[in-house]
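Subject: Structure handover

Hi,

Here is the structure for you to look over. My notes on what was found follow below.

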Amino acid sequence: IGLVSAVSSKSYVRREIDNGSCTGRCGDGFDANQPCQCNEACLSHNDCCQDYLDVCSNDPDKTCAGRCGNGFDASEPCQCNDACKSHNDCCPDFEQTCNGGGGEVTEEDMIQLGETLFSLEKNNVGDKITLNYGCESSVGSTNDCSPSDLFLEVDSSVLNMDIYQKLSALYDNYARSVSEQEDNTSQEQNEEQAFLKAVMDSEIMKVTYEFLLDKGKFSGDYAAFENKIQTMWFKMYERQNGVLGSSGFEHVFLGEVKNGDVGGFHNWFRWYTEENAGRMNYYGYWRAAALGQNQGMGLEFTYFWDGVQKKYGSMFIGTSPELELALYSACLLTFPNEHCHVSLGGTDVWIQTWEEIRNGELLVGSSYPDFSKPSH
């Protein structure tokens, strides 16, 4: 074994040094004369002694048991949320208790996951959509060279599918301005729950859960995973003026307006609904990609939404809401704030995620697909 070894039963890497021990050293500050360290920061710096967890996590108060995901609590000696690593205040057993016991997630793992989830599609309607791509354009172009609608036809059967009905029921629950307070009534919460249940009941989301569990990116039962997904996507937070006017779901699936620009808006069914209502003006595209055998498309394009431009737009077309939620969630939990490389029907896709950490909780900032390899 070399000086640095990936421990398959942990989701972090620690140094295994034969002559280093934490006996009598728990909580000591950094000591450059020692071959390994025995304080809470060593987990994030990957320089813990091999026996750190065994020797130093015996304090009954310094544990994440029953506390994973809780917000910051000043009364506790250590924390158990997604922000604790950046603040160097995680409990010693945070990785082991809250992030499971799997190994490192690789690019190939995500590529294979994407193909597996894509093969499980039950609500894919790519073969029921006819598009008119119009002209080739560029990011932020104000030249409207595509006078026709993007969606020439969506088969009427799509509108009667349960998952799309549950999705569209949420459209009137949100104000598009991020500076406008959302009321989130009990009826709206019930509609969210109905949509979320349909997503969580899918085989796609169940396989996503098993993958994240196996890779140590989530720990807990399926009910806990559903709570995690609900918090990540539906918990309200502020993007402007201190008001609770946004959520990850609203941003990604419905679209928002902030400072005169369209934010988010990466779901095709919502986009089609708005175009059908006369509120979309499609200007043109610069990249299109086919997914599988007539199982949908990927598009990068520019447009105006009710008079406000989205300079760089991108979305899957024809894919199901549960596939998109699963892919975006898995990428956020494995490669946050990065381009996450997946493959769908033999087509490479790079999903960019952005996280929001609020009171120690991981929330979706944004997530969207790119259909060419990023240059950075």
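Contact here means heavy atoms within 4.5 Å. This is a predicted model, so local features need pLDDT of at least 70, side-chain atom pairs count only at pLDDT 80 or more, and totals for chains, interfaces and linings use all residues. Residues are numbered from 1 along each chain as its sequence is written, and side-chain values use heavy atoms, with hydrogens and water left out.

Ile204

Ile204 sits in helix 9 (residues 203-214). Helices (H or I, at least four residues) and strands (E, at least two) are DSSP runs, numbered from the N terminus. Ile204 is buried, at 1% relative accessibility. Buried means under 20% relative accessible area, exposed over 50%, and partly exposed in between (1.4 Å probe, protein chains only). Leaving out residues up to four places away in sequence, Ile204 touches Leu117, Leu120, Glu121, Ser320, Glu322, Leu323 and Ala326.

The cores

A nonpolar core is a set of buried Ala, Val, Leu, Ile, Met, Phe, Trp, Tyr and Cys residues joined through side-chain atoms within 4.5 Å. The largest one has 77 residues. Met110, Phe151, Trp233, Phe249, Trp268 and Trp271 touch the most other members. Helix 13 (residues 321-334) gives the most to this core: nine residues. Another core, of ten residues, lies apart from it, and includes Cys38, Cys42, Tyr52 and Cys56. In soluble globular proteins, nonpolar side chains tend to be buried together.

Beyond its neighbours within four places in sequence, Met110 is in contact with residues including Val105, Phe211, Ala330, Cys331 and Val342.

Asp109 is in helix 5 (residues 107-119). Asp109 has a relative accessible area of 16%, so it is buried. Its side chain makes a polar contact of 3.2 Å with the side chain of Lys215. A polar contact is a pair of N or O atoms within 3.5 Å; within protein, one must be able to donate a hydrogen and the other to accept it, and residues adjacent in sequence count only if both atoms are side-chain atoms. A polar atom of the Asp109 side chain also lies 2.9 Å from the backbone nitrogen of Thr106.

Arg239 is in the loop between helix 10 (222-234) and helix 11 (248-254). Its relative accessibility is 19%, so Arg239 counts as buried. Which side chains does Arg239 join by polar contacts? One is Ser246, at 2.6 Å. Another is Glu256, at 3.3 Å.

Asp370 lies in strand 12. Asp370 is buried, with a relative accessible area of 9%. Its side chain makes a polar contact of 3.1 Å with the side chain of His339. Other residues that Asp370 touches include Glu300, Tyr312 and Trp350.

The second largest pocket

On a 1 Å grid over the protein atoms alone, a pocket is an open set of points where a 1.4 Å probe fits, with protein on both sides within 12 Å along at least five of seven lines; lining residues have an atom within 4 Å of a point. The second largest pocket has a volume of about 160 Å³, taken as the space filled by probe spheres set on the points. Strand 9 gives the largest share of its lining, four residues. Strand 6 (261-263), strand 9 (308-317) and strand 12 (361-370) each supply at least two. Among the lining residues are His251, Asp261, His266, Lys310 and Tyr368.

Best wishes
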